[in-house]
Amino acid sequence: MNTLEALYSRRSIRKYTGESITDAQLQEILKAAYAAPVGKAMYETLNLTVITNKDYMARWEAYMREVMENPDLRPFFGAPTMILVSSKFPTAPANNTNYSNAAIVVHNMILAAVEMGLGACHIWGAVRVLNGNEELVKELDLPEGMSPCCALVIGQTEEKYALREIPDQHIRTVYMK
C-alpha cells in the first residue's frame, strides 16, 4: 500500500476480534509515532502511554458510562490496546501547537495501522472525560504538568480497508490567488 492508498482507505474501525496486536506490530506503530512532525521539535511536551490493562480500561469505560449516563456505551469498542497521547498545555488558548502535535502523532499511528491491516480508531471524547477523574489520571503516572489529550485504540479486526470515494469540496475550500 502506498501513502495515498493508506490515506484514501483509512476509516475508523469499531469492531475488534479481541486478539492483541503483536509486539512487532506495536513497535512499528510506535515508530510511526516517533516519526511524526512535532512543532518546534518540542518532543519533551509529549508522552505516550501504551495501555493493555483490561481492568484499567474497564474502569475508564465504566466512568464514561456514568458521566454520559449511557449504560450501553463502549467507547473503546472492545479493542485490546490503547495508546494515549498526553502533553503539556500552555495557558494561552491561542497556542495550539501541543494539541496539533498530539493529533498528528495519533494520525501517524493510525496510518501505520492501516498499512498493517490492523483496526484503529482515534479517541477524543473518552480522553476529555478521563481528565475529570483524578484517580484514573493519577494511575497513568504521567510526568509533572502532562495531561491526556487524545488516543487511539488498536487491535486485530476482521474489517478490511478499501479505497473510499473522497468527494471534492467535502471540506469548504477557498482559493486566494
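Helices are DSSP runs of H or I with at least four residues, strands are E runs of at least two, and both are numbered from the N terminus. Keep in mind that this is a predicted model, where local features need pLDDT of at least 70 and side-chain atom pairs count only at pLDDT 80 or more, while totals for chains, interfaces and linings use all residues. Residues are numbered from 1 along each chain as its sequence is written, and side-chain values use heavy atoms, with hydrogens and water left out.

How far apart are the end C-alpha atoms of H3? They are 21 Å apart, which agrees with the 21 Å that its 15 residues should span at 1.5 Å a residue. That expected span is 1.5 Å times one less than the number of residues.

Both ends of H3 have something to show. At its start, a side-chain oxygen of Asn-53 reaches to within 3.0 Å of the backbone nitrogen of Asp-55. Just after H3, Glu-69 takes a positive phi of about 50 degrees, although Glu-69 is not a glycine. Most residues other than glycine have a negative phi. Glu-69 sits in the loop between helix H3 (54-68) and strand S2 (81-88), and at 72% relative accessibility it counts as exposed. Ala-41 also has a positive phi of about 50 degrees without being a glycine. Its place is in the loop between helix H2 (23-34) and strand S1 (46-51), and at 46% relative accessibility Ala-41 counts as partly exposed.

The structure holds 2 aromatic pairs; rings of Phe, Tyr and Trp (its six-membered ring) pair if their centres lie within 6.5 Å, and planes under 30 degrees apart count as stacked, over 60 as edge-to-face and the rest as tilted. Tyr-56 and Trp-60 make an edge-to-face pair, 6.1 Å centre to centre with 70 degrees between the planes. Being 4 residues apart in helix H3, Tyr-56 and Trp-60 are separated by about one helical turn. The rings of Trp-60 and Phe-76 have centres 4.9 Å apart and planes at 75 degrees, so this pair is edge-to-face. It links distant parts of the chain, 16 residues apart: Trp-60 in helix H3 and Phe-76 in the loop between H3 and S2. Tyr-56, Trp-60 and Phe-76 form one aromatic cluster.

Trp-60 also leads us to the largest nonpolar core, which has 53 residues, with Trp-60 and Met-109 having the most contacts inside it. Such a core is a set of buried Ala, Val, Leu, Ile, Met, Phe, Trp, Tyr and Cys residues joined through side-chain atoms within 4.5 Å. Helix H4 (residues 97-116) gives the largest share of this core, 9 residues. Leaving out residues up to four places away in sequence, Met-109 touches Ile-29, Ala-32, Ala-33, Ile-83, Val-85 and Leu-152, where contact means heavy atoms within 4.5 Å.

Definitions and conventions: Buried means under 20% relative accessible area, exposed over 50%, partly exposed in between (1.4 Å probe, protein chains only). A polar contact is a pair of N or O atoms within 3.5 Å; within protein, one must be able to donate a hydrogen and the other to accept it, and residues adjacent in sequence count only if both atoms are side-chain atoms.
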